[in-house]
Amino acid sequence: MAVDRRRFIKGSALIVSSLALGGGVIWLGNNRGRFSRLSDITGHVFRGQAPDTPGPFAREAMFYEKTPGATVVCAHCRHACRLAAGDMGLCRNRANIGGVLYSLAYGNPCSFNLDPVEKKPLFHYRPGTSAFSIATAGCNFRCLNCQNWEISQKRPDEVRHREMFPAAVVEEARKRGAASIAYTYSEPATFYEYMLDTAALAKERGIGGLFISNGYLNPEPLVGLCRVITAANINLKAFDETTYRSLDGGGLAPVLETLRIIHREGVHLEVTSLVIPGYTDKVEDLKRMCAWILANLGPDVPLHFLRFFPRYRLDRLEATPVSTIESFREIAMAQGIHYAYVGNAGITPGADTFCHNCGKLLIERRGYLLPVMDVIAGHCKYCRAVIPGLWG
Amino acid sequence: MPRADEALRVKRLLFAAGAATVLVQLVMVRELLVRFSGNEFVIAVIFFIWLVSGAIGAFAAPRLGRFFSATGERLWWLALLLVILPQLMVGAVAILAPILTLPGVSAGFYPTLFFVILLISPYCFAIGVFFPWALARYAPRVSGRGAARIYLADTGGGVIASLLFVLLLVRFFSSFTVVVGGGFVFFLAALPFMPQHRRARAAGLFFLCLAIAAAALLRFFAPSPYNGRIVSARDSRFGRIEVVKKAEQSTVMTNGRPVFISQTPALAEELVHYPASLVASPRRMLFIGAVAGIFVEAAKYRPRTLDYLEIDPDLSRVLLAGGLVVPVSGLRVINRDPRLFLAGSGDKYDMIVIARGEPETFGDNRLFTREFMALVRAHLAPGGVFAFGVDGFENYLGPASRQRFACYYATMRSVFPEVAMIPGRKTIFIGSSRRPRLDIPGILRSRGIVTSYLAPFFRGEVTPERLRYLEDAVRVRNASLNLDLHPAIVRMVLDHWFERFAGSPFWFAVPVCVFFLLLLLRASPGEYTLLTAGFTSMAVETVAVFAFAVFHGYIFEQIGILISLALAGIFVGLRFGAGVRDKESRGVILAADAAIIVLALLWAVSLGRFNDGITTVIILFMTFTLSLASGLQFGPAINLSPDGPNGAAGAFGADLAGAGAGVLLIALVILPGYGLAAAVASIAIIKATGMVRVFSAG
């Protein structure tokens, strides 16, 4: 059969389109999640949602910049929200009311509990003590796996709260015999003024301050905070910018700077990394993270690997296999981190503390119970090596 | 003019179309639920989009007919399109969902809605166009008789296909095979309309083969929605069950959500030891559902009876065969509906535990109602306890969660003198007759029960602040009770789902309301009748399935038969209606309206007044007769419609749109918000407006 020009073009077009379809399908298959990963879930300022007048729990924000007109730029966290009068910040906690930036969460915690300090997790900070833990509504991240989304993704006026100004918080902590007050559950950077005043008062009374945060605070407020807190656990949620943007709505570089500052300021620091299958379980990222920690913070900063469970919007995914976080711990220690732990994995030796010098078991952790405690005045009971942390 | 055998061919084509479209619908609902949420809202929205897109297609058919007259050849091309599109849809759903959403992330309502519209509305639109075009081929002059017969053929195909799917196809064939098979039958029925031109035939066949190949290719290369490796996948009557393996951990996914994670001893310990510690000697145990390690924990009490009730036999088979549930000595696996099992059993238990998720659908809700709890209590030995776990309390309860917790608490409190709530992985609700002691680690220690999670972590999870918080949170004045006939929890679970995605159905409701308002204002009396008839038939199906499940358990075959009974009622009604002459039409419509109103009111009044046997007869009778009365109106209503294709197309469209409204209103608003009686009564109200409209039209 003779092939004329028209038939040739038709046939060629058919072959090319079939190949294109096949190739396209293969490409799409290999680029799973590519389009959605491009999305940045950081969120936005809430236009016109500020209250008309500052309420009883509003305080003028400590760090912000007034610009011509009634617009202000919040300087508390890295988002640097530019707020016109009547706008509310991305964290749902700071509002421009008549050209003045207010924190709307001062003295109105929506959650408070007495938790073991190990729950924060802080393993090298006064083990076996309790922390009076408080939170207000609001967060500057949008983590898809947030376990406290019912407070973190709400405005202070949307949640049921109790009136508890700094003096009352300190008194409640004292009554309960808490060694520390933890600013936790949601993001404490968003209730900075409340945290700062409470921590300062608590410090005067000999009660510690624990900053449990995503680490997205600006350097200036952070340095101020470091003067009144005693320990911090910063959640290093990923070790690449793309995952930070698409999973949490934040960024990596500012968090790393936060870690450097806290370490530099001499505040006891521990780092948490949630290992999420398919997102933050890449060994290359882990090795880069360990290398960064060793280079910038040293080997003595405890590093916690937490097991992920399906939560909030990330609820169609498997949990992290226990062997994965155990292997993460081993890799981190092989890289040179002295104290790496596993969490959310039940009873496991991965949660125990072994002396980095002699390798002996120093603290056995069975959940929140400590059947073995062989750190004596900050030293290994066996080889007398200094064990980093606050033990008194 | 088409010949007599042409009419027969059209009827065959419509029968095949009815069968194929029902198969596509059943498969696509399943596929979409696997990729998105499987709650009552999403299910209703899928059906709504399906029906309304069909209605829009039917309304558009005459306008398209101005450009393309409904020749036999064009009917073939349209049929071919209806065969090709489902192949692509089944392929596309597998590949698009993981690309458009991040792995493991649930889509909220609006992304789900967008995806559903993108995927199914072109197909449904084409179905909507197909029926008026087929009718035009069937009879040159549109009559109620002709339209009813066309509808009859389509309904008949649908009845057969739905029964086949439920009883046979779902067990033995994949979604892809079912759609290809249904398409093949449809294609065969369309062969008599195949164009004479060789090149056109070749092109048609080429496109068909290309679509099947493309669908197979899409499914083959579709990325797994999970991070691990899928080691087994099967479709059960209740949904898709997949086992995903990653390292040493196995996760069982049902409809895309993890329901069983092999390395979670914590939840098993909470579900077993919290209730067991409140019983003096827990030797007879019944578990409804299972979590990892639950029977190993239960075996620590050396139970005399250890029963595992699992409604889905495929799920228990997967769990046992894969070694995910350790078959401890004495474990008895029972695959029955829990309510039916308990109703027919004289056994007493020391503890009965629900070890499965919260109710997202009406079917699941039946295990959390006051009536079920009363049934459970009747099967508890003196001092026995009943427990289940609820998600959603870490440190605070938001408004939707608080309402939900309060409803669970109030419902349980209406049956049990004492109710305890213990926070942890889940919040464990425990109903008992005695005030529980909460020094659980001490009780376990005294009994020599060793736990790996519960005792060491108890101090940090069950704090006085958390216990007090929960107690305060559930003390809501006038908290709703979750009842069989008023499934309040389903609405609260949906509220919580919307809150999780920071959304509200408002922006969905606005265009829907505008659409129906315009439809109501523009509808002719005949169209209005069919709008309400469509509403009635869909409402009857929804209510009947719900009521049947409430009273008689979630029995898949029976529900399939119930829907078939409704379709059979429509079928009989259509046959009678096809014989109604033009001048009798108005009278028949009004009489049918009156009958529906009376029957619906009688049904509403009868609810809860009779025993189960009589209630069954009432449900079956009402399903059949109300459907019959709706079907009866179809032919006469078309007779009342303006003559010509516009009238028939408008009638088809009105019927579909009414059905869509029925799904939304009944399943999402009236049933969960106001209960079964209100849902049945709403049929009477809607029909009364139809009666007024026809009557006032003179």
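**Figure 1. The two domains of chain A in the predicted model.** In this predicted model, the centres of domain 1 of chain A and domain 2 of chain A, taken over C-alpha atoms, are separated by 22 Å. Domain 1 of chain A runs over residues 111–351, and domain 2 of chain A over residues 355–392. Where these two domains meet, the contact takes 16 residues from domain 1 of chain A and twelve residues from domain 2 of chain A. On the side of domain 1 of chain A that touches domain 2 of chain A, the residues divide into seven nonpolar, five polar and four charged.

**Figure 2. Chain A as a whole.** Chain A is built with ten helices and 19 strands, and its C-alpha atoms fill a box of roughly 100 × 60 × 35 Å when the box is taken along the principal axes. Of the 392 residues in chain A, 51% count as buried. If one considers the contacts in chain A between residues at least 6 apart in sequence, 68% of them join residues at least 24 apart.

**Figure 3. The surroundings of V159(A).** The residue V159(A) is found in the loop of chain A between α3 and α4, the latter being residues 166–175. V159(A) counts as buried because 23 C-beta neighbours lie inside 10 Å, and a residue needs 20 or more of them to be called buried. Leaving aside the neighbours within four places in sequence, V159(A) is in contact with C110(A), A137(A), I151(A) and K154(A), and also with Y396(B), a residue of chain B. A further pair that the reader may trace in this view is V159(A) and A61(A), which are 98 residues apart in sequence and, C-alpha to C-alpha, 21 Å apart in space.

**Figure 4. The contact between chain A and chain B.** The contact takes 50 residues from chain A and 51 residues from chain B. On the side of chain A that touches chain B, at least two residues are supplied by each of the helices α1 (5–30), α2 (34–37), α3 (149–152) and α10 (322–335), and likewise by the strand β7 (111–116). Sorted by class, that side of chain A has 25 nonpolar, 15 polar and ten charged residues.

Figure 5. Chain B has 26 helices and eleven strands. The radius of gyration of chain B is 27 Å, close to the 26 Å that the globule rule gives for 698 residues, and therefore chain B is as compact as a globular protein of that length. Along its principal axes, the C-alpha trace of chain B spans about 90 × 55 × 45 Å, and 59% of the 698 residues of chain B count as buried. Among contacts in chain B between residues at least 6 apart in sequence, the share that joins residues at least 24 apart is 81%. The chain is divided into domain 1 (1–225), domain 2 (261–493) and domain 3 (505–698), and the centres of domain 1 of chain B and domain 2 of chain B, taken over C-alpha atoms, are separated by 44 Å.

Figure 6. For A387(B), leaving aside the neighbours within four places in sequence, the contacts are with L271(B), Y274(B), P275(B), M351(B), V353(B), I428(B), F429(B) and I430(B).

**Figure 7. A buried leucine, L665(B), in helix α25 of chain B.** The residue L665(B) lies in helix α25 of chain B, which covers residues 645–674. L665(B) is buried because 21 other C-beta atoms lie within 10 Å. Apart from the neighbours within four places in sequence, L665(B) is in contact with I670(B) and S682(B). Although L665(B) and A44(B) are 621 residues apart in sequence, they are 9.4 Å apart in space, C-alpha to C-alpha.

**Figure 8. Helix α19 of chain B, residues 506–522.** At 1.5 Å a residue, the 17 residues of this helix should span 24 Å, and the end C-alpha atoms are 24 Å apart, which agrees. Of the 17 residues of α19(B), the number buried is one, so the helix lies largely in the open.

Definitions and conventions: Residues numbered from 1 in each chain as written. Chains lettered and ligands numbered in written order. Predicted model: local features only at pLDDT ≥ 70, side-chain atom pairs only at ≥ 80, totals over all residues. Contact = placed C-beta atoms within 7 Å. Helix = DSSP H or I, 4+ residues; strand = E, 2+ residues; numbered from the N terminus. Nonpolar A, V, L, I, M, F, W, Y, C, P; charged D, E, K, R; others polar. Domains from an automatic or database assignment. Buried ≥ 20, exposed ≤ 12 C-beta atoms within 10 Å, placed from the backbone. Expected span 1.5 Å × (residues − 1). Rg over C-alpha atoms; globule rule 2.2 N^0.38 Å.
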